[in-house]
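Me: I'm new to this one and would like to go through it with you, one question at a time. Can you show me the sequence and the structure?

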Amino acid sequence: MSTLDAEFLIVGAGPAGATLAAALAERGREVVALDRDTFPRNKVCGEFLSPEVEDCLRRLGCLERFHDLSPSTMTRARLTSASGRTLHLDLPATAYGLTRRSLDAFLVDEARHRGAVVREGTDVRSLEKVNGGVRASWPGGEILASRVILAHGRRSRLDRRLNRPYFSRRSPYVAFKQHFRLRDDASDALPSLRHTVELHIFEGGYCGVSFAEDQIVNVCTMLHEDLVKGREIWDVLGRGAAPLAHRLRSLRPVDDELLAIAQIPLALKERGRDGLLFVGDAASMIAPLAGDGQAMAIESALSLASLLLSSRDDDLESLWRRRWRRRYEARIRLGRLLQEAMIRPAVTEPALIALNHMPRVTDALVRLTRG
Ligand SMILES: Cc1cc2nc3c(=O)[nH]c(=O)nc-3n(C[C@H](O)[C@H](O)[C@H](O)COP(=O)(O)OP(=O)(O)OC[C@H]3O[C@@H](n4cnc5c(N)ncnc54)[C@H](O)[C@@H]3O)c2cc1C
């Protein structure tokens, strides 16, 4: 059994965990981050990075290196209903498309360059309060840390062990993601997709289509499990709404790596408990349709880092809970409400007609789901 010691232990090295590790290590603090995965790795996500990410990466001191990864750029969103009704939106600033394979490995590298230890392939199974800190263990190892931060994402077996209330509430939503490229005979599809994130909305779900780096097209869908039971996902979508079926016909898969997840929890969770602090999706996730989860994970990690570096230990948990509620709770509630409303045709169709005539309302809704 290997035993490590650290001042800060972070469980999970996705966007939230790796950013927090980088920000703490930058200030000379001793940080260990553990992740059950090995990087680079693929992940279910629309891979749309909202404009807010730019300021976060500038604050972290890695914006230039991020641009070296050549993410795609997006300035427009197009919402399309099953009947073909469309709403065009100008994004408030440039958004980016970058695969999770690239983004997550990049942030882990940034954390390591600043001196954080990131240990991969380490699935934390238990956390136990001991004198002077918390002991985290995984098969074959353990670590004793003065302060533990949980950045383990939307749903982890660790949550069940911690008896987090959200874990027992079943969510009927599932999601799928695959990478594609434009077919050689579909070059006429390029102008409509370039610099644009497409959101195809249908009864019970939505499907996002947008470019990532290297001309990769991300197709990511989240939908009610009943729509896909016993059926192949691209078959379901390809035989569904005409505009989405048309888009899918213009694409060919990069490989056969189709990722799927179930039980996507949109309920609010607790952000601090028994001395443990939660950040990113582990603290609560914003509805994926808002396209803001990664930026929020990164921003909330920077915000927690500043608190950890400046506050007294015994105040931290309540300070973090308050700060989190102030910054994110309203956005998360609104994002969920909008997503749940938009996937009902009785709402989508009249909403798209109305919003086409109310650009200010549309802009306000987009702004309210962002930082
Ligand atoms: C269908 C769907 C589409 C989405 N589309 C978008 C989008 O287009 N744009 C956007 O910004 N956001 C999107 N999101 C949200 C986005 O994916 C998340 O908000 C973001 O990944 C949160 O980052 P995180 O670091 O908190 O968690 P994660 O990215 O989930 O990282 C958590 C890490 O913790 C590790 N981990 C988990 N359990 C353990 C354990 N026990 N021990 C050690 N390590 C562990 C995992 O391996 C993982 O690497 C989408 C989400 C879904 C479900």
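Me: Is helix H9 enclosed or open to the outside, and how many of its residues are buried?
Reply: Keep in mind that this is a predicted model: local features need pLDDT of at least 70, side-chain atom pairs count only at pLDDT 80 or more, and totals for chains, interfaces and linings use all residues. Residues are numbered from 1 along each chain as its sequence is written. Helices (H or I, at least four residues) and strands (E, at least two) are DSSP runs, numbered from the N terminus, and a residue is buried if 20 or more other C-beta atoms lie within 10 Å of its own, exposed if 12 or fewer, and partly exposed in between, with C-beta atoms placed from the backbone. H9 is largely enclosed by the rest of the structure, because the buried residues number 13 of the 18.

Me: What distance does H9 reach from its first C-alpha to its last?
Reply: The expected span of a helix is 1.5 Å times one less than its number of residues. H9 has 18 residues, and its reach is close to the 26 Å expected at 1.5 Å a residue. From first C-alpha to last, that reach is 26 Å.

Me: Which residues does Gln294 touch, leaving aside its neighbours within four places in sequence?
Reply: Gln294 sits in helix H9, and it counts as buried because 30 other C-beta atoms lie within 10 Å. Arg100 is 194 residues away along the chain, yet its C-alpha is 9.9 Å from that of Gln294. Two residues are in contact if their C-beta atoms, placed from the backbone, lie within 7 Å. With sequence neighbours left aside, the contacts of Gln294 are Pro15, Leu49 and Val53.

Me: Cys56 and Ile298 are 242 residues apart in sequence, so what is their C-alpha to C-alpha separation in space?
Reply: Cys56 belongs to helix H2 (residues 52-60) and is buried, because it has 25 C-beta neighbours inside 10 Å. Not counting residues up to four places away in sequence, it touches Ala295, Ile298, Glu299 and Leu302. From Cys56 to Ile298, C-alpha to C-alpha, it's 6.9 Å.

Me: Which element gives the most residues to the shell around the ligand?
Reply: Here a residue is near a molecule or strand if its C-beta atom, placed from the backbone, lies within 6 Å of it. Of the 42 residues around the ligand, Gly14, Gly46, Gly153, Gly280 and Gly293 come nearest. Helix H1 (15-26), strand S3 (48-49), strand S13 (217-224) and helix H9 (293-310) each supply at least two residues of that shell. With 4 residues, the top contributor is H9.

Me: Which residues of the largest nonpolar core touch the most other members?
Reply: A nonpolar core is a set of buried Ala, Val, Leu, Ile, Met, Phe, Trp, Tyr and Cys residues joined through C-beta atoms within 7 Å. The largest one has 104 residues, and those touching the most other members are Leu20, Ala21, Ala33 and Val279.

Me: How many bridges join strand S10 to S13?
Reply: S10 (residues 173-182) is mostly covered, with 8 of its 10 residues buried. Its Val174 stands opposite Leu223 in S13. The two strands run antiparallel, and the number of bridges joining them is 8.

Me: Which peptide bond is cis, with omega near -5 degrees?
Reply: Look in the loop between S2 and S3, where Pro40 lies. The cis bond is the one from Phe39 to Pro40.

Me: Is Gln215, with its positive phi of about 60 degrees, buried or exposed?
Reply: Gln215 has that phi although it is not a glycine. It lies in the loop between strand S12 (205-211) and S13. Because it has 12 other C-beta atoms within 10 Å, Gln215 is exposed.

Terms used: Two strands pair if DSSP finds at least two bridges between them.
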